[in-house]
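Visitor: I would like to learn how to read the features of a model such as this one, step by step. Could you take me through it, giving the general idea and then the case at hand?

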Amino acid sequence: MHKRACGLWRGLRGLLCAAVVFGGTVAAEAEPAEAQRVAIELVAPEDVQALLRQHVRILGGGEQTVPENDASRVALARRTRREVADLLAAEGYFSPTVRLDRSEAGRWRITVEPGTRTTVTEVALSFEGELGENKAGEGDTERVAALRAAWRLPAGHFFRQADWDEAKQHLLDEVSAHRYVAAHITQSRAEIDPDAATARLAVTLDSGPSFFLGGLQTEGLADLPADFVERYNTLEVGQPYDRDTLLAFQRILQNTPQLASATVDIEHDLSHATAAPVRVRVTEAEPKRLGFGTGFSSNTGYRVEATYRDVNLAGAGWELSSGARLEQRRQSAYADIFLPPLPRERYRDSVGTSIERSDLEGLWQQTEAIGVARTTRRGNIETKLALRFQREDLRPDGAEPSSQDALTLNWTWVQRAVDNLLDPRTGYVLEFQLGGGSSAASVEQNFFRLYSRYVHYQPIGERDNLILRAEGGITLAGSRDGVPQDFLFRTGGSQSVRGYAYQSLGVQDGDATVGGRYLGVVSAEYVRWLNPQWGAAFFADAGDAADSREEFRLRAGYGAGARWRSPAGPLAVDLAWGQDDRRLRLHFGVAIAF
């Protein structure tokens, strides 16, 4: 029985490819001035036709030019047979029959019978080094069993060279991803029996020793503080090497605005296995950025805005984020300073100030605030605890103006479990808020506010989406008097109850609409995407904000609109009918707001 090693086949293929290229060059130089055009016909099973037509040069499509000289024609025919045989061998056909019929004038017929495809009959995986010696305990015995079970070219599968290479690489990646970073394959063999169309595979992998992390070695810091990278460090000296853990640390660094790029790896030298230095290479980003923008929303009208950002304020790695926005019905300015996290901590502290003025639904309002906050991120969950002192001035049309100071504490928890933050198709967003103030802290009365929001994205078919939304809130207080508007509720408009003006659903105070103590909103929207950029939406919303449960009444709005996937996310234009107002309203804005 004739057997050949797969390594021999790869070597022969390399030589054949070189021979084909060289032969093609010689033939081109030796070809006489006169040549003949012939039609090339391929007769082969469908499962190999596409492969042959793509890679065999003479099957490139249409008529081909062949030399008049008989010797050159014989050489071309011989080379074509080799090309076909080599391609079929890579797919597991090691005993093909290739015939080239040139008897018909102006036509060559290539007939290919690939034969029986080779099937894997035996796989032998051997492990050496610490993984094979089981020095790390029972866990490695289980890991070896898992590696054998996850082998990607098991007995019973057809043998393909690409699958054989991919299976070995996957095995090596799985071993080297955790503890054994220096793992390598010491031997691999594929014994092919062309007559029986079988393959016996054997791989020996040496894991080497376990690697453990040492200290950080940072390169590339120039203007940022020397301990900047250490402040974001999530690794512990002495912990076993794990590729995913290093990549998670790398992503944290890459997401910091102070860095343009970051890579994290360890020293692979076996002599450092017990404490491999963690090498961090970074490139600093440009620290200062000035931006300008314009826009329009049916909620607040036209707007212009300017932003300024300095991510290395005072050379301390602090981040200054500031801006001013002028809208037709609302104006605001803010400045926040974010501090780098403390070493080994997951939170960031910030301090900021803001001023906002608005004139919506007969309520003129100005709020000036200063506060501190602590933000923590763990995976897709973000929490924020904020302490804020604010002054609020209210002038409702047809009612008495008022002013008040308030010291409030608010806690926010948000989980964004979606496939794409800018254009989600599947997943959900869940948010909770708890906050309040006390009469002991300069507010007129004690109050406590609870708020929750849930948005669910359900894919329908290959393109479409169903979006379900619900939000609700309650402010626990004796009355709404003395409670800041930020801790009360108004609704209506885009991203809320369409068919009604922005912030028009609430409590009447004179001729103005002000916030109430109760909120409830539900919405269902179906988006039919007509092509990758444009879609049509159909929706129904219902909600209200009131000062008591007896006054609360769901107000319905429904309609249809258009969607456009812009670089900033889907933009929406909706035409909605407000059931209570008995009128149509046009809403324009972003189709998603987190």
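Visitor: In which loop is Thr274 found?

Guide: This is a predicted model, and in it Thr274 is found in the loop between strand E10 (259-266) and strand E11 (276-284).

Visitor: Is Thr274 buried or exposed?

Guide: The general idea is a cut-off on relative accessible area, where buried means under 20%, exposed means over 50%, and partly exposed lies in between. Thr274 has 66% relative accessibility and therefore counts as exposed.

Visitor: How far apart are Thr274 and Gly472 in sequence and in space?

Guide: They are 198 residues apart in sequence, and from C-alpha to C-alpha the separation in space is 55 Å. For another pair, Arg82 and Val98, the separation is 16 residues in sequence and 9.1 Å in space, again C-alpha to C-alpha.

Visitor: Let us turn to strand pairing. How many bridges join strand E7 to strand E8, and in which sense do they run?

Guide: Strand E7 (residues 184-193) and strand E8 (residues 198-206) run antiparallel and are joined by 9 bridges.

Visitor: Which value does phi take at Ala314?

Guide: Ala314 is not a glycine, yet it has a positive phi of about 60°. This residue lies in the loop between strand E13 (301-313) and strand E14 (318-327), and Ala314 counts as exposed because its relative accessibility is 74%.

Visitor: How many bridges pair strand E27 with strand E28?

Guide: Strand E27 (residues 555-566) and strand E28 (residues 569-578) pair over 10 bridges in the antiparallel sense, and they form a hairpin with 2 residues between them. Within this pairing, Trp564 has Leu571 in E28 as its bridge partner.

Visitor: And which strand is joined to E28 by 8 bridges?

Guide: That is strand E29 (residues 583-590), which runs antiparallel to E28. Here Ala572 stands opposite Gly589 in E29. The hairpin of E28 and E29 has 4 residues between the strands, and in it Arg582 takes a positive phi near 55°.

Visitor: Which parts does the salt bridge of Glu382 and Arg416 tie together?

Guide: Their side chains meet at 4.0 Å, N to O. Glu382 lies in strand E18 (residues 381-396) and Arg416 in strand E19 (residues 402-418), so the pair ties together parts that are 34 residues apart in sequence. Arg416 is partly exposed, with a relative accessible area of 22%.

Visitor: Are Arg469 and Glu471 buried or exposed?

Guide: Arg469 is buried, with a relative accessible area of 13%, and Glu471 is buried too, with 15%. The two form a salt bridge in which the closest N and O atoms are 4.0 Å apart. Salt bridges that share partners join Arg469 and Glu471 with Arg498, Glu525, Asp541, Arg563 and Asp574 into one network.

Visitor: Finally, which residues form the positive surface patch?

Guide: A patch takes in residues that have no salt bridge, with like charges joined within 9 Å. In this case Arg78, Arg81, Arg82 and Arg102 form a positive surface patch. Arg81 lies in helix H3 (residues 70-90) and counts as partly exposed at 33% relative accessibility. Arg82 also has its place in helix H3, and Arg82 is partly exposed, with a relative accessible area of 30%.

Key
Residues are numbered from 1 along each chain as its sequence is written. This is a predicted model: local features need pLDDT of at least 70, side-chain atom pairs count only at pLDDT 80 or more; totals for chains, interfaces and linings use all residues. Side-chain values use heavy atoms; hydrogens and water are left out. Patches are made of residues with over 30% relative accessible area and no salt bridge: like charges are joined within 9 Å, nonpolar side chains (Val, Leu, Ile, Met, Phe, Trp, Tyr) within 5 Å. Accessible areas come from the Shrake-Rupley method with a 1.4 Å probe; for residues, only the protein chains shown count as cover. Lys and Arg count as positive and Asp and Glu as negative; His and the chain ends are not counted. The place of a charge is taken as NZ of Lys, CZ of Arg, CG of Asp or CD of Glu. Buried means under 20% relative accessible area, exposed over 50%, partly exposed in between (1.4 Å probe, protein chains only). Two strands pair if DSSP finds at least two bridges between them.
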